[in-house]
2 protein chains.
Amino acid sequence: MHPFSSKPGETVSALGEEKLITRIRRWLGPVSPPAPLGIGDDCAVLAPSKRAQAVTVDPVIYGRHFDDAVPPRAVGAKLLKRNLSDLAAMGAAPVAAVLAITLDPGVRIAWLEQFYRGLASCARAYRLRVIGGDIAQNTGALAASLTLIGRATTPRMLLRTGARAGDHIYTTGTLGGSLLGKHYRFTPRLAEGAWLAARAEVRSMMDISDGIAKDLHSLTPAGARAEIDATAIPISAAAKKMARGDNRPPLVHALCDGEDYELLFTVAAKTNLPAFDKKWRARFPKTPLARIGRFVPLHAPRAPGAIDLAAHHGYEHLAIAR
Amino acid sequence: MHPFSSKPGETVSALGEEKLITRIRRWLGPVSPPAPLGIGDDCAVLAPSKRAQAVTVDPVIYGRHFDDAVPPRAVGAKLLKRNLSDLAAMGAAPVAAVLAITLDPGVRIAWLEQFYRGLASCARAYRLRVIGGDIAQNTGALAASLTLIGRATTPRMLLRTGARAGDHIYTTGTLGGSLLGKHYRFTPRLAEGAWLAARAEVRSMMDISDGIAKDLHSLTPAGARAEIDATAIPISAAAKKMARGDNRPPLVHALCDGEDYELLFTVAAKTNLPAFDKKWRARFPKTPLARIGRFVPLHAPRAPGAIDLAAHHGYEHLAIAR
């Protein structure tokens, strides 16, 4: 659905702020608790938390994170799931979200309704509340930014730091070609993230948003480099399909495409890997798991078949104008 | 300063994402703690909280909340202060902020640096940390949305609900004409808000963002109406100045202009008002306090000199296209 309409009666300009907020609360339904726990006071009141909390923020912008081909329900869900994936990467569980939206007055009410209903449906599925928000007008704009607050599911959060030379590198799912649909149809790996955070042999974790060629640097400890086995990379069917269209190898798509929303994590060198893999398969029989390599000392000779990650680049957000 | 430049070397497009984030962290300085407490991991880790927490979100948008006449440092400070004013209205104290910014690639680095430095300076003054953020590119855009997390300073938060017929209505400061400069030069009433939240006779509170003609409805209990004494409204010098320019009465500016960022609160009917006022003056000798009226039963006859608030309208955010 195209989000804009030239018929004023179909657009948010026909509502004004108060009526629009009333509608939004209706579209959100039970996901939107009454004030002061939700929308309607100067702030939303959030309960005390005995556990450490995790906070993240990510937007969706028309023309950038979605276009007319993505159903508005899926746009709302994507906005929340992008942030849920960040919580998953810490091993945290979602609690509450606040949503700031910037709208052209010509945005269709029907588009916005589906956007909020998709967001609400996803929030119900992951048991979190939408506790606050802001609506602002801006000519030509359709952008929403969601801040998500979660809490630790175990005594620790799983950070990007913590890996050591010798540690093994794992990824969930399959990689590449997200633009063909996964970028909004993905399932954030919350259960997997919490399970991993509870296992002492797992030392660091992140979600893959810009391709592992770029993201893996964030996990790499000082004095080490990632030795990645090209044959172990779980290449998605979508990466292969895209490769047929653009003549870039499927492996390059798997390494460099953005928006995989999979978990990338490291396991201590001495771990019994077959036992680890077996526990994973017992708990997550439907989530693929691949051991793709390990960290080696910086000047260790390159193994045959190993990928030179420095030759690849992940997704660069602000590179367009260069 | 005009935020955009046609010389690519002066703009964020010359930096790319990673370098831009490095700069932003430098501009924020000590206000930006190292990961995982701040920018640099998938989420920021926020400490457990024994007290109830307050969450709010507000944006600044170019052409809407600021223009070339507002120094970029002041824009950064305004973004934070708008949110601080919402915390003040609950009697809460700030803890941490996350910032989502949407940029055209042609935004000047120099503008952005001053924006972040202004935000950082304000964050230092109010002792909060900027713990996370997101940068996204969007053609033609310059907008930032800040989510602020605070904690209660007393066992209760002061809500918009709670007033009863008979209760007195107070406002801090002076009202109207904010566009002449106060809209970014104001001081959020955090100390005043916390002091009021600690006093049992204060029953409800909000900050004035859209003019009391509109905002007062949010405090009005069912079965009551606000009886406001026109002569008691603290009209600002700016409201009088604007009135000379546009021939609307100063009182109308005081009632209807947006962005006052003052506290509007109610005090229980039986309170010893002279004693209350005296305590206020002892604690906040520089913050004007005005008792502007009280809530009366809905069908009580209108007092002579009372304002009919229904005849006035506050600032309406999405009304432009109607």
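**Sheet and annotated aspartates**

In chain A of this predicted model, strand E2 (residues 53–61) and strand E5 (residues 142–152) run antiparallel and are joined by 9 bridges; strands here are DSSP runs of E with at least two residues, helices are runs of H or I with at least four, both numbered from the N terminus, and two strands pair if DSSP finds at least two bridges between them. Within this pairing, Thr56(A) stands opposite Leu148(A) of E5(A). The open sheet of 5 strands has mixed pairing and the order E4(A)-E3(A)-E5(A)-E2(A)-E1(B), its edge strands being E4 (129–137) of chain A and E1 (44–46) of chain B, each of which pairs on one side only.

Residues are numbered from 1 along each chain as its sequence is written, and chains are lettered from A in the order in which they are written. Local features need pLDDT of at least 70, side-chain atom pairs count only at pLDDT 80 or more, totals for chains, interfaces and linings use all residues, and side-chain values use heavy atoms, with hydrogens and water left out.

An unreviewed UniProt entry lists Asp42(A), Asp86(A) and Asp207(A) under "binding site", an annotation that may be inferred rather than shown by experiment. They span 166 residues in sequence, and the farthest two C-alpha atoms are 33.6 Å apart, so they do not all gather at one spot. Asp86(A), in helix H2 of chain A, is in contact (heavy atoms within 4.5 Å) with residues including Thr56(A), Asp207(A) and Asp42(B). Asp42(A), in the loop between helix H1 (17–28) and strand E1 (44–46) of chain A, touches residues of chain B, among them Thr56(B), Asp86(B) and Asp207(B).

Technical notes. Lists of a residue's contacts leave out its neighbours within four places in sequence.
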